[in-house]
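Look at the sequence and the model first, then read on.

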Amino acid sequence: MTEAHLSTQPVDVAVGILMKPNGDVLLGQRPAGKPYAGYWEFPGGKVDPGETIFQALQREFMEELGIAVLSAEEWCGVEHVYEHAHVRLHFFISREWRGEPQSLEGQAFAWQGEFSVEPLLPATIPLLQWIERK
Ligand SMILES: Nc1nc2c([nH]c(=O)n2[C@@H]2O[C@H](COP(=O)(O)OP(=O)(O)OP(=O)(O)O)[C@@H](O)[C@H]2O)c(=O)[nH]1
């Protein structure tokens, strides 16, 4: 981690945790060609200029999974400095969506209660323990 990395402005990222009534949450696997390909994450992506964070969340879920997120509660924020980017992750929890997840970008996804998939993106790992206390 260099000072140059730390001094860059963070990029805002909208991340969504779809939570079923039984507590299962949806994870996706990063597709080939992206940094950390093959790592598991909550679906989401970078906020585009002019968009609110919630609009970015809705757009990413529609593009990646064909899911319409109807409502979501902003849960917590996490900043992380990777070699490739300095990100500010905005985690939302949604219990209200329309549609079944489809693999529109060729990625794998899985509903998880026990979190048996790995590896997970480093900045996302602490969230799993917090979710279990929700
Ligand atoms: N979606 C998502 N991104 C995460 C999580 N945890 C985490 O550190 N990130 C980081 O947040 C950033 C998300 O950017 P991305 O590359 O997936 O976004 P994007 O789909 O808009 O990318 P693009 O630039 O290819 O269009 C990455 O640097 C990724 O490493 C997570 O749980 N979900």
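Two strands pair if DSSP finds at least two bridges between them. Helices (H or I, at least four residues) and strands (E, at least two residues) are DSSP runs, numbered from the N terminus.

This is a predicted model: local features need pLDDT of at least 70, side-chain atom pairs count only at pLDDT 80 or more, and totals for chains, interfaces and linings use all residues. Residues are numbered from 1 along each chain as its sequence is written.

**Strands**

Start with β6. In this strand, I93 is the bridge partner of E73. β5 and β6 run antiparallel, joined by 11 bridges. A hairpin of four residues links β5 to β6. β1 also pairs with β6, but here the strands run parallel. V15 stands opposite F91 of β6.

A separate description covers the open sheet. Three strands form it, in the order β3-β2-β7, with antiparallel pairing. β3 (40–41) and β7 (109–112) stand at the edges with a single partner strand each, so one side of each has no neighbour in the sheet.

| Strand pair | Direction | Bridges |
|---|---|---|
| β1 and β6 | parallel | eight bridges |
| β5 and β6 | antiparallel | 11 bridges |
| β2 and β7 | antiparallel | four bridges |

**Core**

A residue is buried if 20 or more other C-beta atoms lie within 10 Å of its own, exposed if 12 or fewer, and partly exposed in between; C-beta atoms are placed from the backbone. A nonpolar core is a set of buried Ala, Val, Leu, Ile, Met, Phe, Trp, Tyr and Cys residues joined through C-beta atoms within 7 Å.

The largest such core has 23 residues, and A14, V15, I17, L57, V69, F91 and F92 touch the most other members. At least two residues each come from β1 (11–18), β2 (25–29), α2 (53–65), β5 (68–81) and β6 (86–98). β1 gives the largest share, five residues.

What does V15 contact, leaving aside its neighbours within four places in sequence? Its contacts (C-beta atoms, placed from the backbone, within 7 Å) are F42, G44, L89, H90, F91 and F92.

**Helix α2**

α2 has 13 residues and reaches 18 Å from its first C-alpha to its last. That is close to the expected 18 Å, which is 1.5 Å times one less than the number of residues. Its buried residues are A56, L57, Q58, E60, F61, E64 and L65. They pack against β1, β2, β4, β5 and β6. An α-helix has 3.6 residues a turn, so residues three or four places apart point the same way. Just after α2, G66 takes a positive phi of about 65°.

**Ligand shell**

Here, near means a C-beta atom, placed from the backbone, within 6 Å of the molecule. The ligand is surrounded by 18 residues, the closest being E41, G44, G45, K46 and A123. β1, β4 (44–46) and β6 each supply at least two residues of this shell. β4 has the largest share, three residues. By class, the shell has 11 nonpolar, four polar and three charged residues. Ala, Val, Leu, Ile, Met, Phe, Trp, Tyr, Cys and Pro count as nonpolar, Asp, Glu, Lys and Arg as charged, and the others, Gly among them, as polar.

**After α3**

R133 lies in the segment after α3 (125–132). Is R133 buried or exposed? R133 is exposed, because 5 other C-beta atoms lie within 10 Å.

How values were computed: Contact = placed C-beta atoms within 7 Å.
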